Amino acid sequence: MAVPRSADFVVIGSGIVGSLVARKLAQAGAEVLILEAGPRVTRGEIVARFRNSPRRSDWMSAYPPAPWAPHPIYKPTDNNYLLQAGPYAYAAEYIRQVGGTSWHWAAHAWRNVPNDFKIRTLYGVGVDWPIDYEDLEPFYQEAEEIMGVSGAPNTGSPRKKPFPMDPVAEPYAMRRIRERLASAYTVVTNTTARNSRSYDGRPACCGNNSCQPICPIDAQYHGGLAAQAAEAAGADLFPNANVYKLEHDERGRIAAALYYDPDKNSHRVTGNTFIVAANGIESPRLLLLSASDTFPRGLANSSDMVGRNLMDHPSTSLTFDADEDMWLGRGPQSPSSINSMRDGPFRSEHAPYRLDFTNISRIDGTTRELISQGIYGSEFEKRLRHSAARELNVKNVLEVLPDPNHRIALGDEKDAMGIPKPQTHYSIDGYTRKGHERSKEDFRRIAELLGGSNLRFSREGDFANNQHICGTLSMGHDPRASVCDQWARTHDHENLYLAGTGVLPTCGTCNSTENAVAVALRTAEHILSEYGVRGMRPSGRDGT
Amino acid sequence: MGRHRPYLPLCFLAAGLWLADGGGRTLAADIPDAGLIERGRYLAIAGDCVACHMAPGGKPFAGGGALQTPFGTILATNITPSKTHGIGSYTLAQFTDAVRKGIRADGKYLYPAMPYTAYALVSDDDIGALYAYFMRGVEPVDEPSPNTSLPFPFNIRLLMAAWNLLFLDDTRFHPESDKSEAWNRGAYLVRGLAHCGVCHTPRNLLMGEKASRALGGTTLNTWFAPNITSDPNSGLGSWSDQEVVDYLHLGHAGGKSQAAGPMAEAIDNSLRHLNETDLNAIAVYLKTVRPIRNDGDDKPPFAWGQASDELDAVRGAPLPSDPNQMSGAQIYDAYCATCHQERGQGSFDGGLPPLFHNTSLGRQNTDNVVMVILDGVHRTLDRPEILMPGFARELSDQQIATLGIYLIEHYGNPNARITIDQVSQLRKGGVSSPMLKLFRIGVAAGIALIAVAAAYYLFRWRRRRA
């Protein structure tokens, strides 16, 4: 089937956010076309690649990039797609294929806490959002019902309706951690888009412990399901359509999207409304690539804020051995956390954070470590058994403040299609580093309460990245300081909307997906009310 | 979904709510005949009335359940005691005629989608209990149920009078004195209220059950209702009584067999709620049903297969660029091994069944292998819930055929066959039936025959009078 030359709505990017916007518009009867740079990939292929990979802990090994739509790869060698301008390397990972990056995620689907929306007002840092928690609450709920979310009842994000299901069963290790820390910390089940019962035709989690790189049974929600749902709702989805430029007319309205097919033939698609949902790095890249004589800094960029205010969640961690057998690896990879440091007056001084306990089986990591140390035979078996049973890890998830100097720009090098590669400018500021320092007190206390020995803090100055790319398309009231308004409509182009984590003006302490989905569902609702599309149906879960 | 029992899973979800709720009205001890009404409720469950007489998500017995037949969709009616839209005005005699003879209070004929040929065996006592329950134990719903409209000639309900002449034996169950009480109870249930033959007995061109092949197994066009006679290879002869009871009560018998499709619905709606005495009686009776051996059944379906894998051929081998060219082992590895494990052995606790020594893969008819891959198994009434996802959306016809062949070759009966065409037909809802055409011809011939016979007898009768 040939790609239509025109549609009412053209959505660029088929990840979880773009697809759920497309789904909602299509459900209301709108004509929607989704253009996806990468190929269509089935879960079976991903599972097969994962099972066949000699590098099981390299979660990207099941997602080889398409030559015509590359994404960053660092192992076994850096493919040098995401250029690093420093001073601190921002080694972002994402996936360019139908369904996008949430094919592999821990399925954390947190809501912000209400104060996350006004940290400038309350704490004198960062920026306020143009909306507040109440504005987003119904859309959080909508997202949670689509994705099948469950969680602990009170983690600081009040809700008007219950979760659509009960939490996934607590793994033994998490139970022991919760019990042993009870005197000092409240350890709660994470809020996740993972089935505790069959939901929407997908089975309950049965504890494969391979959420990343792939849930082999679709017990957790992902963008591939969102893309399927969008198509089922009537949206047309075309893979292998790498949009490299948006064209505007003389009035500044977006007129067309130009894309390359894998053979680098260029095609042009016109539309009434364009929604760029190509992720926190590729979306600003596209806007910058679309510079013209009228808009020399790129589209939507009169503020010069496109690509700026890049944020993620850096993490430091402590690994230690508990004084009892815990046996990480049963159940989901990331089941439990401590949420007491997500908000408080301290936010004027240092970054807030969540504390996450890993439940990833220690076997692969320990095995590689022992072999690299030259340990074999009975000693190997003894030490592997010890680590598999006792080793624990807790990490922080630190907030980063928006800083225009942290940004995605266009690099000097070009990718295989001859399109300039994205380039990052990034560092870890004092606010985040102070949060890291503060969290080390918690790390030590947690280890103490668990009888920890062999404490191994992550190397000082190293911050692991969590791939929650925020801020690069940030929403705000002031057109001079933000890219889009509260509806994620760009300040500069009346028919250009943005969707994705880049729209979030601050990153808070929780994984960005649910926030991005909720904001985007609010965008879709606004679009529908603006356009008066008739026959709109409630956007509940599929198959009902 | 099966052509004969295509009601949706939602239907039994709602049924579950209804059952959990005590089935409609609360029966206080001070209501006269509370025991009788309660017995009627139990019998209504044994008869699985709610399966058809409730629309998906609808109210119990308010009608609307759709039954796909080769002649069109038959919609069940409102059988609540509503005086306006249900059977609230039925007398016991009228109720009895409807249940046992397929004749409504207004004298019109029911279609034999209502299994009155089986219900004809139900005793007067049990009919009385059912009547008491439907009149006083069921909440009346004053809402109309949709009308059935079949194509000509089946819109002529009077035709059923002729059909009844041929296929309705309007006699009650007579216990056989030389058989045990359990056997007689089992025979009464299997042949009567539980109407097992409706699915498990093949039908002739006029849709009458072939008595000579009773419970010998037949296709429901999508799902296959297997042979449940006492034959040790083709039927249940090698099952222990307890295994039969377990299957009917739990929906699975150890790792040997598990219910899916319409049988899972029948279990969840009806059979699992029967008491142990009745389930045991059903097992005792089934184990004596005249054995029917299907050609080529050299051993029982669960005697085939063993743990095995082809991982050597999979690991390190690149995936083909065309997913349709994936090998059976690759598809199994990608879609099945997570639950059924790499050698088909299932989970350690039996919660996810082994694939070998399993009736599912040991039969010569492989339709259920394909159907379960397409539709999965979904039984919400169980705790823990049972869900095998369907793969209709994810796997192509060719991939399902490739996978199915891998499964039967490794874990099942390697003499069986699975073809891409078969998958394609089953995905579409089964082979489109020539029955309507054949039946029209058959009925026309039947009517002609009856007319001729009637004329002949009329002629003789007049001559005798003359």
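Modeller: Start with burial: a residue counts as buried if 20 or more other C-beta atoms lie within 10 Å of its own. Keep in mind that this is a predicted model. In chain A, 55% of the 544 residues are buried.

Colleague: What radius of gyration does chain A have, and what would a compact globule have?

Modeller: For 544 residues, a compact globule would come out near 24 Å, and chain A has 22 Å, which agrees. Its C-alpha trace spans about 70 × 50 × 50 Å along the principal axes. As for what it's built from, chain A has 11 helices and 16 strands.

Colleague: How much of the contact count in chain A comes from residues 24 or more positions apart?

Modeller: Taking contacts with a separation of 6 or more, such residues account for 74% in chain A.

Colleague: Which residues touch the most other members of the largest nonpolar core?

Modeller: General idea first: in soluble globular proteins, nonpolar side chains tend to be buried together. Here the largest nonpolar core has 261 residues, and I12(A), V21(A), V32(A) and L35(A) touch the most other members. Helix α11 (residues 512-531) of chain A gives this core its largest share, 8 residues. Now click on L35(A): setting aside neighbours within four places in sequence, its contacts include V10(A), I12(A), F238(A) and Y259(A).

Colleague: And helix α7 of chain A, is it mostly covered or mostly open?

Modeller: Mostly covered: 7 of the 8 residues in α7 (residues 282-289) of chain A are buried. Among them are E282(A), R285(A) and L288(A). The elements covering the buried residues of α7(A) include strands β1 (6-12), β6 (242-248) and β8 (266-276) of chain A.

Colleague: Over to chain B. Why does Y133(B) count as buried?

Modeller: Because Y133(B) has 26 C-beta neighbours inside 10 Å, and the cut-off is 20 or more. You'll find Y133(B) in helix α6 (residues 124-136) of chain B. Beyond its neighbours within four places in sequence, Y133(B) is in contact with I37(B), G40(B), R41(B), A44(B) and V138(B).

Colleague: How many residues of domain 1 of chain B are in contact with domain 2 of chain B?

Modeller: The domain assignment puts domain 1 of chain B at 1-141 + 154-172 and domain 2 at 181-297. There, 24 residues of domain 1 are in contact with 25 residues of domain 2. Helices supplying at least two residues each to domain 1's side include α1 (9-20) and α2 (34-46) of chain B. That side divides into 18 nonpolar, 3 polar and 3 charged residues.

Definitions and conventions:
Residues are numbered from 1 along each chain as its sequence is written. Chains are lettered from A and ligands numbered from 1 in the order in which they are written. This is a predicted model: local features need pLDDT of at least 70, side-chain atom pairs count only at pLDDT 80 or more; totals for chains, interfaces and linings use all residues. Domain bounds come from an automatic or database domain assignment. Two residues are in contact if their C-beta atoms, placed from the backbone, lie within 7 Å. Helices (H or I, at least four residues) and strands (E, at least two) are DSSP runs, numbered from the N terminus. Ala, Val, Leu, Ile, Met, Phe, Trp, Tyr, Cys and Pro count as nonpolar, Asp, Glu, Lys and Arg as charged, and the others, Gly among them, as polar. The radius of gyration is taken over C-alpha atoms; the globule rule is 2.2 Å times the number of residues to the power 0.38. A residue is buried if 20 or more other C-beta atoms lie within 10 Å of its own, exposed if 12 or fewer, and partly exposed in between; C-beta atoms are placed from the backbone. A nonpolar core is a set of buried Ala, Val, Leu, Ile, Met, Phe, Trp, Tyr and Cys residues joined through C-beta atoms within 7 Å.
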